[in-house]
Structures are given as C-alpha cells and as structure tokens.
Amino acid sequence: MLSGKHILLGITGGIAAYKTTFLVRLLIKAGADVKVVLTESAATFVSPLTLATLSKNPVHTSFVEEGEEGSVAWNNHVELGLWADLMLVAPATANTLSKMANGTCDNLLLATYLSAKCPVFFAPAMDLDMYKHPSSKASFKKLQSFGNIMIPAASGELASGLHGEGRMAEPEDIVNFLNHHLSKDLPLGQKKVLITAGPTYEAIDPVRFIGNHSSGLMGCELAKRAAQLGAEVILVLGPTHLSLTDSQVQVLRVTSAEEMYQAAHEHYADMDIAICAAAVADYRPKTIADQKIKKQEDEFTIELVKNKDILYSLGRQKKKQFLVGFALETENEVENAKGKLKKKNLDAIVLNSLNDSGAGFGKPTNKITYIDKNLRIKTFDVKTKAAVALDIFNEIIASIHA
Ligand code: CTP
C-alpha cells in the first residue's frame, strides 16, 4: 500500500520522537519515499543525522539552513507540502496540535502542514492528563473537522511514570493504520481473505514424513495479490522454504493437514473470501512411531487413514464467504473439477491440468481454467503465478460485485 508513496514525516518534540527512527525504517521497508521535517525541540530528542541516514533524504528543521562555505539554502515548505502524497505528524505534541488547529505558522513543520494538500495523519503523544484535557480534545476535534486523520494514542506506561492513555501508537501500529486507511478504496479494501497454501507433511516417525512437491508459490502469490488489492490476509502455510513479509498478511505456519484444518477453521467465520490452494495430503499414517523405525523386513507397510477435507468442511460451514478451491487433475479435467465444485459447495474452482506444460508444482508459471458456480468456464494462457493470482482475483471481484 505504501510502496512508491511520498511520505512527509513531521516530528515534534516529545520523548516518543526516538521511536520515529523505527517508524522511518518500517516506511522505507514498505517501499515508501520518506522525507522528514523536525521541530527544533524534536531535534533534541532524535538526531537529524540518524533520520537522514535512515530516510536516505536530507532532513530539515528550519526555513533557512547554512551549507558549506557560508552558502545559505532556503527550505521551500510549499514544495515539500506538494511533494507529499501523505503527511504524518508523529509524535504530535499538544503544543503542535494546538498550533495546527489554529493556523499558527512559526516553524518549517507548521508552514509545511499548511501548504500540504495531501491527507494529513497525526499521532498524538502526551501525558494522560494532557491527553484528556478539553483543550487537547478541542484540537483533535478541530483537526478532524479539517479532514485530518487522528491515529489515537495507546494506553500504557508514560514517560512521567504514570499509566494511562497518551502513548504514541507504536510504529508498527502506525504503519498498519496507514495501510488500512489507504486500502479502503481498493477493490478488496475492508475484505478479509483466508488462503491455504503449500504441502502438508504427515509424520511417520520422528524423522520421516509423507509429503508432496508443492512449493506453496501459487498460494503465496495469491496472498500478496490480495494484500495489494487492499485485503487483510491470513495465509495458512504448510512446510515450505518460501516466506512472506507483508504487513497486510498474517502468516500461520503449519505442518500437518490436521494443523492446517484447525488454523483455517479458527479464522474462517470472520472471512469474506477463502481460497484453498494447499496440496493437502489425503492420508496420514494411522500411528506415528515414537522412535525412528528400524530397517528389518524386505517389505514394509504403513497403514494410512484419511485426513479431513478442509475445503469440504469449509463448504459445509459457508455463510457469507466466497469459497474457492483448486483442482489438480490428470484426466477428465473439467468434469472432475465441476464435480469437486458441486461436492464441496464452492463458488468457484481453479483447475490446473498436469497435462499442460507450464503448469503445476514447483514451476514459476501456471495455466488455469476458472469455473464459477454457474459452470461458466474461462481458460487462461500460461502466465507467471503472480499474473495468475491477479486473474483469479479479477474473476472473484467481478462475481462479488455482480
Ligand atoms: N483440499 C483440502 N483438504 C484436503 C484435500 C483437499 O482442503 N484434505 C482442497 C485443496 O486445497 C484443493 C481442493 O481441495 O483446493 C481439491 O484438492 P484435490 O487434491 O485436487 O482433490 P481431492 O478432493 O483431494 O480429490 P482427489 O485427490 O481424489 O482428486
């Protein structure tokens, strides 16, 4: 959500200013371009050099700055204000909030605030009695009436040693707040998406398991794409070397089909969309040996029992969710996929055929056929799994809005 965005961070003089170093790191990690403006008092709490190094941009505290060999530079607040896609004042002290609310313009940060045309967020930080004071509340209200967006303070231990409301929201929470706000108008804004992905490993003994070659790539691409489209995502991911770091995606690592079943069911009730892309083992050993099984006879048999079908069970419990399954077929592909769609009470099924070159486990590409619940069939060309994920969500979004 923040990738490529120009973020202007205004830091004012409160002890929480030290946390802005982490905040800048998180914004940069999220792909944002960050410029920082500090009040003089903020610069006594956090070093401009640290912020300039982390943001990879010059940091400004005053309208006029002296450069090398006596040169003097003018920091243009109008240019800075217009550069920003989003301005964030954090920490926002009672003093600065009051000045912002009343049009006072006695430093670079305030002049930039008055010049900015972009959405402005402010994250108050003050002691609990200051936070509760009618004057602070009046500032919050007035700023909100201008369309500025307040990131409420949290409760906890304050610099004064007192406990209560007034701590600046943690950097991670600020970033999540911004992400959430920016995603609201996207196609999957305010939607929750559950995705199962990867293989499952079914233990035989402490060192062996039954598994399959799924890498989980298709499911991870679906999770990333859902987040880009504005959703909050829970990815239930089987054992794979892949990892995913995205503040919009909560990754729940599982190993066995039973663990995947539990994790998916725990979150399903809250979801708007669920996609089962995992290659779940259909069977597991009836018993798991406590110790490593020793080699003895020439022939060896493992008794297997059926795993629960996660998708089938989600289909039975379906209420508001748009439920999508995958089918990997080698023969009578379309007929088998349609059978699974009906049997598992799905809204759509994505068919991969192992007969298609460019499709299947471990490959960077996939070739899919999308079948909706009216049995309308749409085939797609071989594409990267990231592009396939977009095709799938375009179909889902079209159905949801139909
Ligand atoms: N699936 C699941 N839980 C299982 C087995 C499968 O959630 N225990 C889901 C998969 O994630 C996929 C869909 O069911 O979305 C179809 O999986 P697939 O293996 O193609 O079909 P099965 O129903 O297992 O049937 P079969 O193996 O007989 O083809």
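Which strand pairs with β20 in the antiparallel sense, and over how many bridges? I looked this up before anything else. Strand β20 (residues 348-353) pairs with β22 in the antiparallel sense, over five bridges. Two strands count as paired if DSSP finds at least two bridges between them. Strands (E, at least two residues) and helices (H or I, at least four) are DSSP runs, numbered from the N terminus.

Notes on the model. I am working with a predicted model, in which local features need pLDDT of at least 70 and side-chain atom pairs count only at pLDDT 80 or more, while totals for chains, interfaces and linings use all residues. Residues are numbered from 1 along each chain as its sequence is written, and side-chain values use heavy atoms, with hydrogens and water left out.

Entry on β22. I checked burial along residues 368-372 and found five of the five buried, so strand β22 is largely enclosed by the rest of the structure. Buried means under 20% relative accessible area, exposed over 50%, and partly exposed in between (1.4 Å probe, protein chains only).

β22 and β23 form a hairpin with four residues between them, and L375 in the turn has a positive phi of about 65°.

Entry on D372. This residue lies in β22 and is buried, with a relative accessible area of 8%. I looked up what its side chain reaches. The D372 side chain comes to 2.9 Å from the backbone nitrogen of N374, and to 2.9 Å from the backbone nitrogen of R376. A polar contact is a pair of N or O atoms within 3.5 Å; within protein, one must be able to donate a hydrogen and the other to accept it, and residues adjacent in sequence count only if both atoms are side-chain atoms.

Entry on the ligand. I found 14 residues surrounding the ligand, the closest being C276, A278, F326, K340 and K344. A residue is near if one of its heavy atoms lies within 4 Å. A ligand nitrogen is 3.0 Å from a polar backbone atom of K308. For D309, a ligand nitrogen is 3.4 Å from an N or O atom in the side chain. The largest share of the shell around the ligand, four residues, comes from β19.
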